[in-house]
Amino acid sequence: MEYIVSARKYRPMSFDTVVGQAALTTTLKNAVKSGKLAHAYLFCGPRGVGKTTCARIFAKAINCQNPTADGEACNECESCQSFNEQRSLNIFELDAASNNSVEHIKTLMEQTRIPPQIGKYKVFIIDEVHMLSTAAFNAFLKTLEEPPAHVIFILATTEKHKILPTILSRCQIYDFERMTVQNTVAHLKSVAEKEGVEYEEEALAVIAEKADGGMRDALSIFDQAVSFCQGKITYQKVIEDLNVLDSDYYFRIVDLSIINKVSEVMVLLNDVINKGFDGGLLIQGLAKHVRNVMMAKDSQTLPLLEVSEQARQRYQEQAQKADLRFLYEALRLMNQCDINYRQSSNKRLLVELTLIEIAQITQPDEGPGSGRKPRRLKSLFKQLVRQSQPTVKTAQQVAVAENAKHVANTVGRYDHAAPSAASAPESLRPTVKASQLGMSWKNIRQMGKPRMQLLPNGQGDGGKNVGEQANFTQEELELQWMSMCNRMPQQMSGIAARMKNMNPTITQLPAVEVVVPNEIIKVEVETILNKIVATLRHYLHNSEITLTLRIAERQEHEMLLSRRQQFEAMISKNPSVEMLCDAFSLELA
């Protein structure tokens, strides 16, 4: 006996056997009963949902000589029997994918002139009508709008947006829905029982999800699974045959992430990749799983889960353990990973970082009273970090330790000779220069103090600064000048930026000279000259400081260098840069 695939063998022959399109079939049956038939219909929807099948059933019911009370064909009259035996002269099917030219449409139009021999109507079913050329559509327009009284057109397409609006306006449009998982599973159960095949409901649910709403795809996958499983369809064999990732991985990853088991999540990821699954596929499946867990937290959204009853129960159990904020954040991270996955050059690392962040969402804050969760990744191996911390010192810490040791030794050396270091001779007192630590004593004294503005006029001349004549170096002058520019208020940001490019110099202590580029800037600086002098006197502890402004001579203007000149100047000052360029064959872009 010839083998027939399930998609053809169990193709519906009546409206009642059509799965998942109850509203449309009811409308078509009522049209048959009342005799109120349009001259053109358009059936549109995704693949495998019954468009062509419903068109054939509808065409047979239209020409049935003795239709039933509910609008079904009787399957006994000459018209029905000729259709069932594929010898009907009143029903024509045209594949527009291969017959899409103007000549094919003109041939079809000529056939519309001949009245039916048996029955009332000639029915023309045009499948994949969106494949017609623009010229063919235009040739079809007039006949479609005003066809002969005995002609009915039924158009079927998967891409409604490609059809001309002038065609759409001449048709009654019926939108077919995707098959739900529940409807697909129920139909697969009936087919399995008729074929004598044992099955697990969870396995049929996997087939239905893989079909993505198409009943024809579901029946084709069902035949494939029957061949692989040899008469008994089980969940494990189906996921092995279809190369589908076991949903148990998703449940385990979420459970481990809730309790911050990062290492075990990494082991699971490695296991998934070793089985040949792509990291992006894992992220997509995990995002769908987390979405289902979120839907299972509320009884109102529970019907949105298109899964088997057993899987629904597992989702509800995990939803009780997962916090809603954890689910929201996990979905956001996985969505970001999915967006960046194609552009990433190291896809596995991107997936690993995403899973690490997900596994640390519920980790408690570090330290008491932190008030917020840290935005950086916590260490996976905190114990190792703690053990290595005492041995890791920066260069600055080493310098501080050595200077502190030097101070202690020096002080101890004079402990027996004098009660304090202050009474020792000045040449023998311990000296620690702040410049050795990368900072100045004035910076240290200012730590923790609020940022100060420019001092008012004359403040540096009075109070504690009166009579102070401390010496200062060029470095200290430049440091205080830059600090003053940084402290200037927002409304003076323009002049502060220009002052940063000026270099004050000590002409004869405590006289200071500043060279300005032009007269305009000189006038601008003179407006706050007294405040500048007061600030320098205060922070340099010298009440005798004077400041003069001088416009730069022509030869003192700095020449702007090109990038090539800057590079050559850098090489002349530091030969190691040239060695580095030669070693790596680097060139200036």
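Which backbone nitrogen does a side-chain oxygen of Asp323 reach at the start of helix 16? The side-chain oxygen comes to within 3.0 Å of the backbone nitrogen of Arg325. Helices here are DSSP runs of H or I with at least four residues, and strands are runs of E with at least two, numbered from the N terminus.

The model is predicted: local features need pLDDT of at least 70, side-chain atom pairs count only at pLDDT 80 or more, and totals for chains, interfaces and linings use all residues. Residues are numbered from 1 along each chain as its sequence is written, and side-chain values use heavy atoms, with hydrogens and water left out.

Helix 16 covers residues 324-340. Phe326, Leu327, Ala330, Leu333, Met334 and Cys337 of helix 16 are buried (under 20% relative accessible area, with exposed over 50% and partly exposed in between; 1.4 Å probe, protein chains only). They cover an arc of only 135° around the axis, so they lie on the same side of helix 16. The arc is that of the directions from the helix axis to the C-beta atoms. These buried residues pack against helix 12 (247-258), helix 14 (279-296) and helix 17 (347-359).

Helix 8 (residues 181-195) has 15 residues. Its buried residues include Val181, His187 and Leu188. On the other side of helix 8, Glu193 and Lys194 are exposed. Just after helix 8, Gly196 takes a positive phi of about 70°.

Terms used:
The expected span of a helix is 1.5 Å times one less than its number of residues. Contact means heavy atoms within 4.5 Å. A polar contact is a pair of N or O atoms within 3.5 Å; within protein, one must be able to donate a hydrogen and the other to accept it, and residues adjacent in sequence count only if both atoms are side-chain atoms.
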